[in-house]
Amino acid sequence: MTKKAPLIFALFFCLYAESSYGRMFKNSYIQFHLPDRWDCEMQGKGYLCRHKISASCQGNPESKVCKEEVKKSREAVIVFTAKEKSEVDSFENYLNHFKTPKKVQIKPGSSTQSKLIHGKIVGIRNYKWVDTMHLSSELPHYYTRYLSTIKGNIAVLVTFTSHKLFYTQYSNTFFKSIKSLSVTASNLNSVDKNEVGNKILSQPIDIPDEFFTQTGPQESGGDGLSPILFALAMLLAGTGVYLWIKKRKKS
């Protein structure tokens, strides 16, 4: 093997790893790597990114393949928005705000508080971000990670949300997207005004209701065990009782 071969192989590996992950999403103020087969669309003054439903499933939503695509599109979501920096926009205010447990409605007349997983200031691509994460801050049993920052006179918030039953599947995907986050504008005059909202600290998440319907996790009992794990637990418990009785009879 020549001396150039390892270098060529390393370059090929990096290019392959980059392309297999997905494409770089860019708008007028931010860029980051999207997971493979994901797409982003504007929702009001923000963006919503999720697993893309193929064009062939638009007219045939009842097929098994299309149902699986729709289900996958509702397992995880990335939402982001930006606004003009004001006197309330500061790293200290962001950290205090997003570290505070939030109330979320479980059902009419019943609510609960979110659980803070972490809250800290981190560096991403040599720039400062406030990084916080909650369980049940937007909806019960959903993890949401909030990344907020300020650059020039632009304030940006990016959120990563997934049901806790799916979060381990998306944690590495989210990690790669987060590590590639970059605010590409520092002056609001250079930003498309159609992409700029007016809220970050007050109800920043704007996820369509249909995203949270018929997703599957609720069928498994939310905080409880899934039916398969429950059956396995009962089987193991029954086996334990049987062996205990057998041992008692022998003694």
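Visitor: What makes the side chains of His118 and Asp131 a polar contact?
Guide: In this predicted model, the side chain of His118 comes to 3.1 Å from the side chain of Asp131, and since a polar contact requires a pair of N or O atoms within 3.5 Å, the pair meets that cut-off. His118 itself lies in strand β8, which spans residues 115-124, and, leaving aside residues up to four places away in sequence, His118 touches Thr132, Met133 and Arg145 as well as Asp131.

Visitor: Why is the set that includes Phe80 and Trp129 called a nonpolar core?
Guide: The term is used because such a set consists of buried residues of listed types, Phe and Trp among them, joined through side-chain atoms within 4.5 Å. The largest such core has 33 residues, and those with the most contacts inside it are Phe80, Trp129, Val156, Val158 and Leu181. Among the elements giving two or more residues to this core are β5 (76-84), β9 (127-135), β11 (154-163) and α4 (167-179). A second, separate core of ten residues includes Leu95, Phe98, Leu157 and Ile200.

Visitor: Which residues does Val158 touch, beyond those up to four places away in sequence?
Guide: Val158 touches Ile30, Ile78, Val79, Phe80, Trp129, Arg145, Tyr146, Leu147 and Leu181.

Visitor: How do you know where the predictor's confidence is below 50?
Guide: The chain averages a pLDDT of 78, with 70% of the residues scoring at least 70, whereas over residues 5-20 the value is below 50. It also stays under 50 over residues 214-237. Where pLDDT is low, the predicted coordinates should not be read in detail.

Terms used
Residues are numbered from 1 along each chain as its sequence is written. This is a predicted model: local features need pLDDT of at least 70, side-chain atom pairs count only at pLDDT 80 or more; totals for chains, interfaces and linings use all residues. Side-chain values use heavy atoms; hydrogens and water are left out. pLDDT is the predictor's confidence in each residue, from 0 to 100. Contact means heavy atoms within 4.5 Å. Helices (H or I, at least four residues) and strands (E, at least two) are DSSP runs, numbered from the N terminus. A polar contact is a pair of N or O atoms within 3.5 Å; within protein, one must be able to donate a hydrogen and the other to accept it, and residues adjacent in sequence count only if both atoms are side-chain atoms. Buried means under 20% relative accessible area, exposed over 50%, partly exposed in between (1.4 Å probe, protein chains only).
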